[in-house]
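Please read the points below alongside the sequence and the model.

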Amino acid sequence: MSSRQTILIVEDDEDLRRMFRTTLTLAGFDVAEAGDGLEALLRIDADPPALVVLDLMLPGVSGVVVYQEIAAQ
C-alpha cells in the first residue's frame, strides 16, 4: 500500500486531466481521475481521496452538485 496521498482530478477535458496528472505525479502524489460528476461521486464513495481538483462545469452531474455532496458529508 502506498503512503502517498491521492488526489482525484475531476475534469471532462482529457488534455487538462493529463496536465494535472503529470504535474501532480511529478510532485509525488498518487492521482485518480474522473471524467464526469457521477464517476467522481462513485470514486469518492469507494476510496475517498485526500484532495479533489474539481471542474464545476461538467456534463451530466455538474461539479457544483459534486461539491455539494462532498460538503454534505
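1. In helix H2 (residues 37-46), the buried residues (under 20% relative accessible area, with exposed over 50% and partly exposed in between, 1.4 Å probe, protein chains only) are Gly37, Ala40, Leu41 and Ile44. Because they cover an arc of only 95° around the axis, they sit on the same side of H2; the arc is that of the directions from the helix axis to the C-beta atoms. Helices (H or I, at least four residues) and strands (E, at least two) are DSSP runs, numbered from the N terminus.

2. This is a predicted model, in which local features need pLDDT of at least 70 and side-chain atom pairs count only at pLDDT 80 or more, while totals for chains, interfaces and linings use all residues. Residues are numbered from 1 along each chain as its sequence is written, and side-chain values use heavy atoms, leaving out hydrogens and water.

3. The buried residues of H2 pack (heavy atoms within 4.5 Å) against strand E1 (6-10), strand E2 (30-34), strand E3 (51-54) and helix H3 (63-72), whereas the face turned away from the buried side carries the exposed Leu42 and Ala46.

4. The whole structure holds 5 salt bridges, each a side-chain nitrogen of Lys or Arg within 4 Å of a carboxyl oxygen of Asp or Glu. One of them joins Asp30 to Arg4, with the closest N and O atoms 2.8 Å apart; since Asp30 lies in strand E2 and Arg4 in the segment before E1, the pair ties together parts 26 residues apart in sequence.

5. Glu33 forms a salt bridge with Arg17 at 3.0 Å between the closest N and O atoms, and both residues are buried.
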